[in-house]
Amino acid sequence: MTIFDLTKIHKMIKFRLIVSGLALTTMFSACNQTENKAKVQEKDSITVAATAPPQIKDSNTAGVYTHYVHLKDALVASNTSEAQKAAKELSVALVKIDGCENTAALSTKISEASDIKAQRQHFTALSSDIIAMLKHTELTSGNMYVQYCPMANEGDGAYWLASETDIKNPYYGEEMLNCGEVKETIGTK
């Protein structure tokens, strides 16, 4: 064997070692990435579950809250026709509760308005009444969140109720969807 042959064999062995090393490194890193992906997927699957809506003891009041949230969500989506429908259902639910005739009239104004700005303006007074009513109701579980946007109504501000702490602004919709903050939590007593 010549020195040339030995050098060639040495280079082949070195090459095989490098290739083997790279293969092992790739294999181990691939295994680690799979493990990391599993951890990421596990982490993602542990995301905060959607907040369950509050459970209200009185069924008539529970109906009011359900229709109110439907109206709020329609205003968040800037969906005038859905807001009209939800406000009409809310009016019917409010009439079933003694002392809520004026609040039902506010809801009727929203159901009759074909302009989203007018609906949102009436929603301010409606929300004040609904919040006052629901502060005195009995919840069996869950929470309601009184939320506030300082920019609503040309800077006068306005409140609304939600079943979650995430801000979804009914006064501006997509324009300023997350403008606002939670001001108060209404929970079980």
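1. At 38% relative accessibility, D73 counts as partly exposed, a class that lies between buried (under 20% relative accessible area) and exposed (over 50%), as computed with a 1.4 Å probe on protein chains only. The model is a predicted one, in which local features need pLDDT of at least 70 and side-chain atom pairs count only at pLDDT 80 or more, while totals for chains, interfaces and linings use all residues. Residues are numbered from 1 along each chain as its sequence is written, and side-chain values use heavy atoms, with hydrogens and water left out.

2. The partner of D73 in a salt bridge is K72, with the closest N and O atoms 2.8 Å apart; a salt bridge here is a side-chain nitrogen of Lys or Arg within 4 Å of a carboxyl oxygen of Asp or Glu. In contrast to the partly exposed D73, K72 is buried, with a relative accessible area of 2%. Side chains of opposite charge can pair when their charged atoms come close.

3. K72 also forms a salt bridge with E164, whose closest N and O atoms are 3.7 Å apart. This pair connects distant parts of the chain, since K72 belongs to helix α2 and E164 to the loop between β4 and β5, 92 residues apart; helices (H or I, at least four residues) and strands (E, at least two) are DSSP runs numbered from the N terminus. E164 is partly exposed, at a relative accessible area of 25%, and together K72, D73 and E164 are linked in a network of salt bridges.

4. How many salt bridges does the rule give? The count comes to five, and one of them joins the side chains of E184 and K135 at 3.0 Å, N to O. Because E184 lies in strand β5 and K135 in the loop between α5 and β2 (139-141), this pair ties together parts that are 49 residues apart in sequence. Both ends are partly exposed, E184 with a relative accessible area of 31% and K135 with 33%.

5. Four aromatic pairs are held by the structure, where rings of Phe, Tyr and Trp (its six-membered ring) pair if their centres lie within 6.5 Å, and planes under 30 degrees apart count as stacked, over 60 as edge-to-face and the rest as tilted. One of them is the stacked pair of Y68 and F123, at 5.3 Å centre to centre and 15° between the planes. As Y68 lies in helix α2 and F123 in helix α5, the pair ties together parts that are 55 residues apart in sequence, and both Y68 and F123 are buried.

6. Another pair, edge-to-face, is formed by W160 and Y171, with 5.9 Å centre to centre and 65° between the planes. W160 sits in strand β4 (residues 158-162) and Y171 in the loop between β4 and β5 (181-186), so that the pair links distant parts of the chain, 11 residues apart. W160 and Y171 are both buried, and ring pairs link Y68, F123, W160 and Y171 into a cluster.

7. What span should helix α3 (residues 80-95) have? At 1.5 Å a residue, its 16 residues should span 22 Å, and the 23 Å between its end C-alpha atoms agrees with this; the expected span is 1.5 Å times one less than the number of residues. The buried residues of α3 are T80, A83, A86, A87, L90, S91, A93 and L94. They cover an arc of only 165° around the axis, which puts them on the same side of α3, the arc being that of the directions from the helix axis to the C-beta atoms.

8. The buried residues of α3 pack against α2 (59-76), α4 (101-112) and α5 (116-134), with contact meaning heavy atoms within 4.5 Å. On the face of α3 turned away from its buried side are the exposed residues K88 and V95.

9. T61, in helix α2, is buried, with a relative accessible area of 9%. Leaving aside residues up to four places away in sequence, T61 touches I56, I97, M133, L134 and T137.

10. S78, in the loop between α2 and α3, has a positive phi of about 55° and is partly exposed, with a relative accessible area of 36%. E154 also has a positive phi of about 55°, but E154 lies in helix α6 (residues 152-155) and is exposed, with a relative accessible area of 84%.
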